[in-house]
Amino acid sequence: MFEIATILASLGLILATVSFISGLQALKSKGSADTKIHRFNGYLTLIIYLSLAILSMSGKDGIKIGSVSAWCGGLAIIAMKIWIVRSGRAYKYASWMGIILIIMWLIIIYTNIQLGSMSFLNL
Amino acid sequence: MFFLGLMLLVISNLQAATIHVPDNYKTIQEAVKNASPRDTIIVHEGYYTENIIITKPLTIESTKGSDASIIHAAVQNEPVLKINNVNEVSISGFTVTGSQSAGIYLYNSHNGQLRGNKVVNNGSGIVLISSNNNTFVNNTANLNEQYGIYLELSNNNILEKNIVNSNKDKGIFLSSSSYNELINNNVNLNAWNGITLWSSHNNLLKDNNILRNRYGIVLSDSNNNILTNNSTWSNIYAILPIVLIYIGILLYLVQKHLLRFI
(Lines give C-alpha, C1' and ligand atoms only; values in the text may rest on other atoms or scores of the structure.)
Protein backbone atom coordinates (compact mmCIF):
# COMPACT_ATOMS: atom_id res chain seq x y z
CA MET A 1 0.00 0.00 0.00
CA PHE A 2 2.83 2.41 0.85
CA GLU A 3 5.68 3.31 -1.40
CA ILE A 4 9.21 3.00 -0.02
CA ALA A 5 9.90 6.66 -0.87
CA THR A 6 6.93 7.78 1.23
CA ILE A 7 8.14 5.75 4.23
CA LEU A 8 11.73 6.99 3.92
CA ALA A 9 10.65 10.61 3.51
CA SER A 10 8.37 10.32 6.57
CA LEU A 11 11.21 8.82 8.65
CA GLY A 12 13.49 11.60 7.41
CA LEU A 13 11.13 14.35 8.57
CA ILE A 14 10.69 12.69 12.00
CA LEU A 15 14.45 12.38 12.55
CA ALA A 16 15.12 15.87 11.17
CA THR A 17 12.62 17.21 13.74
CA VAL A 18 14.39 15.33 16.56
CA SER A 19 17.75 16.60 15.34
CA PHE A 20 16.46 20.19 15.07
CA ILE A 21 14.97 20.30 18.58
CA SER A 22 18.00 18.64 20.18
CA GLY A 23 20.26 21.03 18.23
CA LEU A 24 18.39 24.05 19.62
CA GLN A 25 18.60 22.59 23.14
CA ALA A 26 22.32 21.89 22.69
CA LEU A 27 22.89 25.53 21.67
CA LYS A 28 21.11 26.73 24.80
CA SER A 29 22.37 24.34 27.43
CA LYS A 30 25.56 22.93 25.90
CA GLY A 31 24.37 19.64 27.36
CA SER A 32 26.12 16.50 26.12
CA ALA A 33 22.89 14.44 25.93
CA ASP A 34 21.34 16.86 23.45
CA THR A 35 24.53 16.96 21.39
CA LYS A 36 24.54 13.14 21.19
CA ILE A 37 20.86 13.05 20.18
CA HIS A 38 21.47 15.83 17.64
CA ARG A 39 24.44 14.07 16.02
CA PHE A 40 22.90 10.57 16.05
CA ASN A 41 19.62 11.68 14.47
CA GLY A 42 21.41 14.09 12.15
CA TYR A 43 23.60 11.38 10.65
CA LEU A 44 20.61 9.00 10.34
CA THR A 45 18.74 11.78 8.51
CA LEU A 46 21.69 12.21 6.16
CA ILE A 47 21.72 8.46 5.39
CA ILE A 48 17.98 8.57 4.63
CA TYR A 49 18.50 11.64 2.43
CA LEU A 50 21.21 9.83 0.45
CA SER A 51 19.02 6.69 0.16
CA LEU A 52 16.18 8.79 -1.25
CA ALA A 53 18.59 10.43 -3.68
CA ILE A 54 19.89 7.03 -4.87
CA LEU A 55 16.31 5.76 -5.23
CA SER A 56 15.58 8.84 -7.32
CA MET A 57 18.55 8.32 -9.64
CA SER A 58 17.69 4.66 -10.17
CA GLY A 59 14.06 5.49 -11.04
CA LYS A 60 12.53 4.22 -14.27
CA ASP A 61 12.85 7.63 -15.92
CA GLY A 62 16.59 7.66 -15.39
CA ILE A 63 18.74 10.57 -14.27
CA LYS A 64 17.38 14.05 -14.97
CA ILE A 65 19.30 17.31 -14.64
CA GLY A 66 16.56 18.97 -12.54
CA SER A 67 16.47 16.03 -10.16
CA VAL A 68 20.26 15.85 -9.78
CA SER A 69 20.57 19.59 -9.14
CA ALA A 70 17.75 19.50 -6.55
CA TRP A 71 19.40 16.66 -4.63
CA CYS A 72 22.86 18.26 -4.90
CA GLY A 73 21.41 21.57 -3.69
CA GLY A 74 19.97 19.82 -0.63
CA LEU A 75 23.28 18.13 0.04
CA ALA A 76 25.05 21.50 -0.19
CA ILE A 77 22.66 22.94 2.43
CA ILE A 78 23.38 19.98 4.75
CA ALA A 79 27.14 20.38 4.22
CA MET A 80 26.95 24.13 4.88
CA LYS A 81 24.99 23.53 8.10
CA ILE A 82 27.60 21.04 9.36
CA TRP A 83 30.40 23.45 8.42
CA ILE A 84 28.69 26.36 10.23
CA VAL A 85 28.29 24.31 13.42
CA ARG A 86 31.80 22.87 13.33
CA SER A 87 33.66 26.05 12.39
CA GLY A 88 32.10 28.00 15.25
CA ARG A 89 32.60 31.24 13.30
CA ALA A 90 28.96 31.59 12.27
CA TYR A 91 27.46 29.69 15.19
CA LYS A 92 24.51 32.06 15.58
CA TYR A 93 23.25 31.08 12.13
CA ALA A 94 23.08 27.36 13.01
CA SER A 95 19.43 27.54 14.13
CA TRP A 96 18.47 29.25 10.86
CA MET A 97 20.19 26.49 8.92
CA GLY A 98 18.23 23.97 11.01
CA ILE A 99 14.97 25.66 10.00
CA ILE A 100 16.05 25.53 6.34
CA LEU A 101 16.71 21.80 6.73
CA ILE A 102 13.22 21.26 8.19
CA ILE A 103 11.71 23.21 5.26
CA MET A 104 13.77 21.04 2.91
CA TRP A 105 12.31 17.89 4.47
CA LEU A 106 8.80 19.35 4.21
CA ILE A 107 9.39 19.84 0.47
CA ILE A 108 10.63 16.24 0.20
CA ILE A 109 7.53 15.02 2.06
CA TYR A 110 5.12 17.06 -0.07
CA THR A 111 6.66 15.76 -3.26
CA ASN A 112 6.78 12.15 -2.14
CA ILE A 113 3.53 11.28 -0.42
CA GLN A 114 2.45 8.12 -2.21
CA LEU A 115 3.18 9.66 -5.60
CA GLY A 116 6.93 9.44 -5.52
CA SER A 117 7.23 8.20 -9.07
CA MET A 118 5.97 11.47 -10.48
CA SER A 119 7.43 14.06 -8.19
CA PHE A 120 9.80 16.70 -9.55
CA LEU A 121 12.56 15.04 -7.58
CA ASN A 122 12.04 12.04 -9.85
CA LEU A 123 11.48 9.56 -7.04
CA MET B 1 -7.62 -22.01 -64.53
CA PHE B 2 -9.29 -18.70 -65.20
CA PHE B 3 -11.60 -19.07 -62.17
CA LEU B 4 -8.71 -20.17 -59.95
CA GLY B 5 -6.74 -17.10 -60.99
CA LEU B 6 -9.75 -14.87 -60.37
CA MET B 7 -10.28 -16.38 -56.88
CA LEU B 8 -6.61 -15.85 -55.99
CA LEU B 9 -6.92 -12.25 -57.11
CA VAL B 10 -10.02 -11.73 -54.96
CA ILE B 11 -8.43 -13.42 -51.92
CA SER B 12 -5.28 -11.36 -52.22
CA ASN B 13 -7.42 -8.21 -52.33
CA LEU B 14 -9.34 -9.34 -49.25
CA GLN B 15 -6.18 -9.91 -47.19
CA ALA B 16 -5.16 -7.00 -44.99
CA ALA B 17 -2.08 -5.16 -46.15
CA THR B 18 0.68 -3.62 -44.05
CA ILE B 19 1.63 -0.06 -44.83
CA HIS B 20 4.80 1.60 -43.51
CA VAL B 21 5.14 5.27 -42.65
CA PRO B 22 7.26 7.08 -43.79
CA ASP B 23 8.52 4.38 -46.20
CA ASN B 24 5.29 3.93 -48.22
CA TYR B 25 3.66 7.26 -47.37
CA LYS B 26 5.26 10.34 -45.85
CA THR B 27 2.42 11.14 -43.45
CA ILE B 28 0.10 9.00 -41.36
CA GLN B 29 -2.98 10.75 -42.82
CA GLU B 30 -1.82 9.88 -46.34
CA ALA B 31 -1.39 6.24 -45.28
CA VAL B 32 -4.87 6.26 -43.69
CA LYS B 33 -6.39 7.76 -46.83
CA ASN B 34 -4.86 5.12 -49.09
CA ALA B 35 -5.37 2.13 -46.78
CA SER B 36 -8.14 -0.39 -47.23
CA PRO B 37 -10.35 -1.38 -44.29
CA ARG B 38 -8.53 -3.69 -41.82
CA ASP B 39 -5.08 -2.78 -43.06
CA THR B 40 -2.28 -2.27 -40.58
CA ILE B 41 -0.27 0.94 -40.65
CA ILE B 42 3.15 0.67 -39.04
CA VAL B 43 4.59 4.03 -38.08
CA HIS B 44 8.33 4.28 -37.60
CA GLU B 45 9.91 6.62 -35.10
CA GLY B 46 9.61 10.32 -35.85
CA TYR B 47 7.81 13.58 -35.20
CA TYR B 48 4.63 13.89 -37.26
CA THR B 49 2.83 17.25 -37.41
CA GLU B 50 -0.69 16.50 -38.61
CA ASN B 51 -4.34 16.02 -37.72
CA ILE B 52 -5.52 12.54 -38.60
CA ILE B 53 -9.12 11.59 -39.37
CA ILE B 54 -9.91 7.87 -39.38
CA THR B 55 -13.14 6.70 -40.98
CA LYS B 56 -12.37 3.04 -41.67
CA PRO B 57 -11.36 0.11 -39.47
CA LEU B 58 -7.57 0.22 -39.23
CA THR B 59 -4.76 -0.83 -36.94
CA ILE B 60 -2.18 1.91 -36.45
CA GLU B 61 0.84 1.11 -34.35
CA SER B 62 4.29 2.51 -33.76
CA THR B 63 7.45 0.44 -33.97
CA LYS B 64 9.33 1.91 -31.01
CA GLY B 65 6.64 3.03 -28.59
CA SER B 66 5.17 6.34 -27.55
CA ASP B 67 8.43 8.10 -26.71
CA ALA B 68 9.76 7.66 -30.23
CA SER B 69 6.60 8.30 -32.27
CA ILE B 70 5.09 11.71 -31.61
CA ILE B 71 2.06 13.17 -33.37
CA HIS B 72 1.61 16.92 -32.88
CA ALA B 73 -1.48 18.80 -34.01
CA ALA B 74 -0.99 20.81 -37.20
CA VAL B 75 -4.29 22.61 -36.67
CA GLN B 76 -4.54 23.34 -32.97
CA ASN B 77 -8.32 23.63 -32.69
CA GLU B 78 -8.89 20.19 -34.23
CA PRO B 79 -8.26 16.83 -32.47
CA VAL B 80 -4.91 15.24 -33.26
CA LEU B 81 -6.59 11.87 -33.92
CA LYS B 82 -10.28 11.85 -34.81
CA ILE B 83 -11.97 8.47 -35.07
CA ASN B 84 -15.29 9.20 -36.71
CA ASN B 85 -18.24 6.83 -37.23
CA VAL B 86 -16.17 3.68 -37.49
CA ASN B 87 -15.81 0.37 -35.70
CA GLU B 88 -12.71 -1.58 -34.70
CA VAL B 89 -9.96 0.99 -34.88
CA SER B 90 -6.83 0.13 -32.91
CA ILE B 91 -4.15 2.69 -32.06
CA SER B 92 -1.08 1.90 -30.01
CA GLY B 93 2.23 3.41 -28.99
CA PHE B 94 2.01 7.13 -29.80
CA THR B 95 2.54 10.39 -28.00
CA VAL B 96 -0.36 12.62 -29.00
CA THR B 97 -0.02 16.30 -28.18
CA GLY B 98 -0.60 19.93 -29.12
CA SER B 99 -4.37 20.16 -29.72
CA GLN B 100 -6.52 22.71 -27.95
CA SER B 101 -9.49 20.44 -28.65
CA ALA B 102 -8.67 16.80 -27.84
CA GLY B 103 -5.75 14.44 -28.22
CA ILE B 104 -7.78 11.41 -29.31
CA TYR B 105 -11.45 11.95 -30.16
CA LEU B 106 -13.86 9.09 -30.79
CA TYR B 107 -17.27 9.99 -32.20
CA ASN B 108 -19.86 7.26 -32.67
CA SER B 109 -17.08 4.69 -32.92
CA HIS B 110 -17.30 1.27 -31.35
CA ASN B 111 -15.17 -1.79 -30.50
CA GLY B 112 -11.92 0.15 -30.75
CA GLN B 113 -8.70 -0.19 -28.80
CA LEU B 114 -6.22 2.37 -27.50
CA ARG B 115 -3.08 0.89 -25.97
CA GLY B 116 0.12 2.44 -24.65
CA ASN B 117 -0.52 5.98 -25.90
CA LYS B 118 0.61 9.14 -24.13
CA VAL B 119 -1.96 11.87 -24.60
CA VAL B 120 -0.42 14.97 -23.06
CA ASN B 121 -0.79 18.75 -23.22
CA ASN B 122 -4.05 18.92 -25.14
CA GLY B 123 -7.39 20.62 -24.42
CA SER B 124 -8.66 17.25 -23.21
CA GLY B 125 -6.83 13.95 -23.42
CA ILE B 126 -9.11 11.16 -24.69
CA VAL B 127 -12.71 12.12 -25.54
CA LEU B 128 -15.50 9.68 -26.36
CA ILE B 129 -18.88 10.83 -27.61
CA SER B 130 -21.54 8.17 -28.28
CA SER B 131 -18.90 5.47 -28.52
CA ASN B 132 -19.40 2.02 -27.03
CA ASN B 133 -17.45 -1.18 -26.30
CA ASN B 134 -14.00 0.39 -26.59
CA THR B 135 -10.98 -0.73 -24.58
CA PHE B 136 -8.29 1.64 -23.27
CA VAL B 137 -5.29 -0.02 -21.63
CA ASN B 138 -1.96 1.41 -20.41
CA ASN B 139 -2.58 4.89 -21.79
CA THR B 140 -1.30 8.06 -20.15
CA ALA B 141 -3.51 11.16 -20.20
CA ASN B 142 -1.53 13.81 -18.30
CA LEU B 143 -1.27 17.60 -18.16
CA ASN B 144 -4.30 18.38 -20.29
CA GLU B 145 -6.08 21.72 -19.95
CA GLN B 146 -9.45 20.18 -19.12
CA TYR B 147 -10.10 16.45 -18.66
CA GLY B 148 -7.77 13.48 -18.88
CA ILE B 149 -10.42 11.06 -20.16
CA TYR B 150 -13.97 12.20 -20.95
CA LEU B 151 -16.89 9.91 -21.83
CA GLU B 152 -20.27 11.26 -22.92
CA LEU B 153 -23.19 9.02 -23.87
CA SER B 154 -20.69 6.18 -24.09
CA ASN B 155 -21.40 2.76 -22.65
CA ASN B 156 -19.69 -0.58 -22.02
CA ASN B 157 -16.17 0.76 -22.36
CA ILE B 158 -13.22 -0.66 -20.42
CA LEU B 159 -10.57 1.68 -18.96
CA GLU B 160 -7.77 -0.36 -17.43
CA LYS B 161 -4.29 0.47 -16.11
CA ASN B 162 -4.34 4.03 -17.43
CA ILE B 163 -2.47 6.92 -15.81
CA VAL B 164 -4.47 10.13 -15.59
CA ASN B 165 -2.40 12.71 -13.72
CA SER B 166 -2.08 16.48 -13.31
CA ASN B 167 -4.93 17.55 -15.57
CA LYS B 168 -6.09 21.10 -14.95
CA ASP B 169 -9.74 20.21 -14.39
CA LYS B 170 -10.90 16.62 -13.79
CA GLY B 171 -9.16 13.30 -14.23
CA ILE B 172 -11.78 10.89 -15.60
CA PHE B 173 -15.25 12.28 -16.30
CA LEU B 174 -18.21 10.06 -17.20
CA SER B 175 -21.21 12.05 -18.34
CA SER B 176 -24.43 10.14 -19.06
CA SER B 177 -22.33 7.02 -19.61
CA SER B 178 -23.24 3.64 -18.19
CA TYR B 179 -21.93 0.08 -17.79
CA ASN B 180 -18.31 1.18 -18.11
CA GLU B 181 -15.49 -0.54 -16.20
CA LEU B 182 -12.70 1.53 -14.65
CA ILE B 183 -10.15 -0.91 -13.26
CA ASN B 184 -6.68 -0.37 -11.80
CA ASN B 185 -6.23 3.19 -13.07
CA ASN B 186 -3.97 5.80 -11.43
CA VAL B 187 -5.78 9.12 -11.20
CA ASN B 188 -3.64 11.59 -9.26
CA LEU B 189 -2.95 15.28 -8.72
CA ASN B 190 -5.79 16.56 -10.89
CA ALA B 191 -6.91 20.10 -10.06
CA TRP B 192 -10.50 19.10 -9.25
CA ASN B 193 -12.12 15.67 -9.09
CA GLY B 194 -10.21 12.46 -9.65
CA ILE B 195 -13.12 10.45 -11.06
CA THR B 196 -16.50 12.09 -11.72
CA LEU B 197 -19.71 10.25 -12.53
CA TRP B 198 -22.45 12.58 -13.65
CA SER B 199 -25.79 11.04 -14.51
CA SER B 200 -23.96 7.76 -15.12
CA HIS B 201 -25.25 4.45 -13.88
CA ASN B 202 -24.15 0.84 -13.38
CA ASN B 203 -20.44 1.55 -13.77
CA LEU B 204 -17.73 -0.47 -12.02
CA LEU B 205 -14.83 1.36 -10.31
CA LYS B 206 -12.37 -1.19 -8.96
CA ASP B 207 -8.77 -1.11 -7.64
CA ASN B 208 -8.15 2.48 -8.73
CA ASN B 209 -5.60 4.76 -7.05
CA ILE B 210 -7.14 8.22 -6.78
CA LEU B 211 -4.67 10.30 -4.79
CA ARG B 212 -4.11 13.96 -4.05
CA ASN B 213 -6.91 15.35 -6.18
CA ARG B 214 -9.12 18.14 -4.79
CA TYR B 215 -11.89 15.53 -4.46
CA GLY B 216 -11.39 11.80 -4.96
CA ILE B 217 -14.51 10.21 -6.45
CA VAL B 218 -17.55 12.42 -7.08
CA LEU B 219 -20.93 10.91 -7.92
CA SER B 220 -23.76 13.17 -8.97
CA ASP B 221 -27.19 11.96 -10.00
CA SER B 222 -25.67 8.51 -10.57
CA ASN B 223 -27.13 5.21 -9.40
CA ASN B 224 -26.17 1.55 -9.04
CA ASN B 225 -22.45 2.11 -9.49
CA ILE B 226 -20.10 -0.38 -7.83
CA LEU B 227 -17.04 1.05 -6.08
CA THR B 228 -14.63 -1.54 -4.66
CA ASN B 229 -11.10 -1.34 -3.29
CA ASN B 230 -10.31 2.17 -4.54
CA SER B 231 -7.63 4.20 -2.69
CA THR B 232 -8.64 7.81 -2.19
CA TRP B 233 -6.49 9.74 0.25
CA SER B 234 -7.06 13.09 -1.27
CA ASN B 235 -6.06 15.38 1.55
CA ILE B 236 -3.74 13.34 3.76
CA TYR B 237 -0.79 15.33 2.45
CA ALA B 238 -2.04 18.36 4.40
CA ILE B 239 -2.12 16.49 7.70
CA LEU B 240 0.77 14.04 7.41
CA PRO B 241 3.71 16.48 7.87
CA ILE B 242 2.09 17.90 11.03
CA VAL B 243 1.67 14.37 12.41
CA LEU B 244 5.28 13.52 11.53
CA ILE B 245 6.65 16.64 13.27
CA TYR B 246 4.57 15.77 16.34
CA ILE B 247 6.02 12.23 16.30
CA GLY B 248 9.48 13.84 16.02
CA ILE B 249 8.90 15.92 19.16
CA LEU B 250 7.73 12.81 21.05
CA LEU B 251 10.73 10.83 19.81
CA TYR B 252 13.09 13.58 21.04
CA LEU B 253 11.55 13.38 24.54
CA VAL B 254 11.81 9.57 24.53
CA GLN B 255 15.47 9.68 23.45
CA LYS B 256 16.33 12.29 26.10
CA HIS B 257 14.73 10.21 28.87
CA LEU B 258 16.44 7.06 27.59
CA LEU B 259 19.86 8.76 27.67
CA ARG B 260 19.35 9.66 31.34
CA PHE B 261 19.15 5.93 32.18
CA ILE B 262 22.22 5.00 30.15
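I will start with one loop in chain B. B:Pro22 sits in the loop between strand 1 (18–21) and helix 2 (28–34) of chain B. The peptide bond that joins B:Val21 and B:Pro22 is cis, with omega of about 10 degrees. Most peptide bonds are trans, and most residues other than glycine have a negative phi. Please keep in mind that this is a predicted model.

B:Leu189 is not a glycine, yet its phi is positive, about 55 degrees. B:Leu189 is found in the loop between strand 20 (186–188) and strand 21 (193–198) of chain B. The next loop, between strand 21 and strand 22 (204–206) of chain B, holds B:Asn202. B:Asn202 is not a glycine either, and its phi is positive at about 60 degrees.

Is B:Leu189 buried or exposed? B:Leu189 is buried, because 20 other C-beta atoms lie within 10 Å and 20 or more is the cut-off. B:Asn202 has 15 C-beta neighbours inside 10 Å, so B:Asn202 counts as partly exposed.

Now chain B as a whole. Its secondary structure comes to three helices and 24 strands. The radius of gyration of chain B is 23 Å, while the globule rule gives 18 Å for 262 residues, so chain B is more spread out than a compact globule. Along its principal axes, the C-alpha trace of chain B spans about 105 × 45 × 40 Å. Of the 262 residues in chain B, 41% count as buried. If we take the contacts in chain B between residues at least 6 apart in sequence, 31% of them join residues at least 24 apart.

Next, the strands. Strands of a sheet pair through backbone hydrogen bonds, either parallel or antiparallel. In chain B, four strands form an open sheet in the order 3-6-9-12, and the pairing is parallel. Strand 3 (46–49) and strand 12 (118–120) of chain B are the edge strands, each pairing on one side only. From one strand to the next, the twist averages 15 degrees. Inside that sheet, strand 6 (residues 69–72) and strand 9 (residues 95–97) of chain B pair in the parallel sense over three bridges. The bridge partner of B:Ile71 is B:Val96 in strand 9.

Strand 13 (residues 124–129) of chain B is mostly covered, with five of its six residues buried. Which strands does strand 13 of chain B run parallel to? One is strand 10 (residues 102–107) of chain B, joined to strand 13 by five bridges. Here B:Ala102 stands opposite B:Ser124. Another is strand 15 (residues 149–152) of chain B, joined to strand 13 by four bridges. There B:Val127 stands opposite B:Tyr150.

That leaves chain A and the contact between the chains. Helix 2 (residues 32–57) of chain A has 26 residues and should span 38 Å at 1.5 Å a residue; its end C-alpha atoms are 37 Å apart, which agrees. Buried residues in helix 2 of chain A include A:Asp34, A:Ile37, A:His38, A:Asn41 and A:Thr45. An α-helix has 3.6 residues a turn, so residues three or four places apart point the same way.

The contact takes 17 residues from chain A and 19 residues from chain B. On the chain A side, helix 1 (4–29), helix 2 and helix 4 (94–112) each give two or more residues. Helix 1 of chain A provides the largest share, seven residues. The chain A side divides into 12 nonpolar, four polar and one charged residue.

Note on methods:
Residues are numbered from 1 along each chain as its sequence is written. Chains are lettered from A and ligands numbered from 1 in the order in which they are written. This is a predicted model: local features need pLDDT of at least 70, side-chain atom pairs count only at pLDDT 80 or more; totals for chains, interfaces and linings use all residues. The expected span of a helix is 1.5 Å times one less than its number of residues. A residue is buried if 20 or more other C-beta atoms lie within 10 Å of its own, exposed if 12 or fewer, and partly exposed in between; C-beta atoms are placed from the backbone. Two strands pair if DSSP finds at least two bridges between them. Axes are lines fitted to C-alpha atoms, for helices over the stretch in contact, and angles run from 0 to 180 degrees between N-to-C directions. Two residues are in contact if their C-beta atoms, placed from the backbone, lie within 7 Å. Ala, Val, Leu, Ile, Met, Phe, Trp, Tyr, Cys and Pro count as nonpolar, Asp, Glu, Lys and Arg as charged, and the others, Gly among them, as polar. The radius of gyration is taken over C-alpha atoms; the globule rule is 2.2 Å times the number of residues to the power 0.38.
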